[in-house]
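I opened my notebook to look up a few things in this model. My entries follow.

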Amino acid sequence: MKLSLLVGAAVGYVLGARAGRERYESIVRLARGLAGSQTVQSTAGVLQAQVEDLRHRAKDAVSHKLHAGTNGANGSNGYRG
């Protein structure tokens with residue numbers, strides 16, 4: 001009884017590992033195919049350009065706010081404590 005249980009477990013493990021490896025290879029092939037797709041490459045390029053534009057606009061906005069904040073720090077904020 002114990003031997004048949006061990007053999008069954010071993011066979012199940014081998015078959016599961018083989019199926020898992022085959023599924024992994026299938027997923028890798030699919031991912032590589034998608035990554036090499038012209039549509040995906042084009043979309044990634046557009047998104048990268050949009051992110052870069054947003055980064056520049058955010059940087060300019062923060063720089064402008066910081067610059068405006070230093071001009072207001074000369075005591076002309078209306079407080080006459």
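I began with a term: a residue is buried when its relative accessible area is under 20%, exposed when that area is over 50%, and partly exposed in between. By that rule, 1% of the 81 residues of the chain count as buried. I noted that the model is predicted.

Next I looked up the secondary structure. I found two helices and zero strands.

The accessible surface of the chain is about 7,500 Å². Carbon and sulfur atoms hold 63% of that. I also found a nonpolar patch of about 380 Å², made by Leu3, Val7, Val11 and Leu15. Leu3 sits in helix H1, which spans residues 2-35. Is Leu3 buried or exposed? Leu3 is exposed, because its relative accessibility is 64% and the cut-off is over 50%.

Side chains of opposite charge can pair when their charged atoms come close. How many salt bridges are in the whole structure? I found three.

- Arg21 pairs with Glu25 at 2.9 Å, N to O. Both lie in helix H1, four residues apart, about one turn of the helix. Glu25 is partly exposed at 28%.
- Arg55 pairs with Glu52 at 2.7 Å, N to O. Both lie in helix H2 (residues 38-71), three residues apart. Arg55 is partly exposed at 44%, and Glu52 is partly exposed at 33%.
- Asp53 pairs with Arg57 at 3.0 Å, N to O. Both lie in helix H2, four residues apart. Asp53 is partly exposed at 37%, whereas Arg57 is exposed at 53%.

Note on methods
Residues are numbered from 1 along each chain as its sequence is written. This is a predicted model: local features need pLDDT of at least 70, side-chain atom pairs count only at pLDDT 80 or more; totals for chains, interfaces and linings use all residues. Side-chain values use heavy atoms; hydrogens and water are left out. Buried means under 20% relative accessible area, exposed over 50%, partly exposed in between (1.4 Å probe, protein chains only). Accessible areas come from the Shrake-Rupley method with a 1.4 Å probe; for residues, only the protein chains shown count as cover. Patches are made of residues with over 30% relative accessible area and no salt bridge: like charges are joined within 9 Å, nonpolar side chains (Val, Leu, Ile, Met, Phe, Trp, Tyr) within 5 Å. A salt bridge is a side-chain nitrogen of Lys or Arg within 4 Å of a carboxyl oxygen of Asp or Glu.
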